[in-house]
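I opened this notebook to keep track of what I looked up, entry by entry. The notes follow the order in which I turned to each part.

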Amino acid sequence: MNYWLMKSEPDEISIDDVLSMKSVPWFGVRNYQARNFMRDAMRVGDGVLFYHSSCAQPGIAGIAEVSSTSYPDHTQFDQDSKYFDPKATRENPRWMMVDIKALRKTRLLSLAELRSVPELASMLVLQKGSRLSITPVASHEWETILAILDK
DNA sequence: GCCAACGTTGGC
DNA sequence: GCCAACGTTGGC
């Protein structure tokens, strides 16, 4: 079992939005590293820290899980989508996605608070210049965060 | 809105 | 394969 942190702009999809649905297809990822994580490493049941980014209060907003293996992101074929990719074909899809299922909303564990916890200093999302929308989370980081949230 | 940091593109 | 130019991310 692996753990992940996945960023979402709450203006687009917030933890409340995801909670209101059984599962959501994580379309629109257009970064190879992030795609490779979904395609090669994600398994059904993997834990997900749902992170709100590009907003007034960035931070972890909920807990989710991976609910499907990867499959082609249909928006790459849709000319009307902002995620359309003219170089992608149905025979050779370039972008993949998984489904995500929200488990619960948490209190907002802010970026500032994450930075204040020494055990979490290794988190990829906290590294300088980190922009990846999907990053692996070490099991000790996952457990530390759950312990903080359950306190 | 600013801007540092990063990823991608494309000419050579 | 190099690398400058460009576009994007995302905190502040």
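**Entry 1: a loop residue**

I looked up Leu124 and found it in the loop between α3 (111-116) and β8 (134-137), where helices (H or I, at least four residues) and strands (E, at least two) are DSSP runs numbered from the N terminus. I noted that this is a predicted model, in which local features need pLDDT of at least 70, side-chain atom pairs count only at pLDDT 80 or more, and totals for chains, interfaces and linings use all residues. Residues are numbered from 1 along each chain as its sequence is written, chains are lettered from A and ligands numbered from 1 in the order in which they are written, and side-chain values use heavy atoms, with hydrogens and water left out.

Leu124 counts as partly exposed because its relative accessibility is 40%, given that buried means under 20% relative accessible area, exposed over 50%, and partly exposed in between (1.4 Å probe, protein chains only). Leaving aside residues up to four places away in sequence, Leu124 touches Ser130, Thr135 and Pro136, contact meaning heavy atoms within 4.5 Å.

**Entry 2: a positive phi**

I then turned to Ser54, which lies in the loop between β3 (47-52) and β4 (59-66) and has a positive phi of about 50° although it is not a glycine. With 56% relative accessibility, Ser54 counts as exposed.

**Entry 3: the DNA**

Around DNA strand B I listed Asn31, Tyr32, Lys87, Lys128, Gly129 and Arg131, a residue being near a strand if one of its heavy atoms lies within 4 Å of it.
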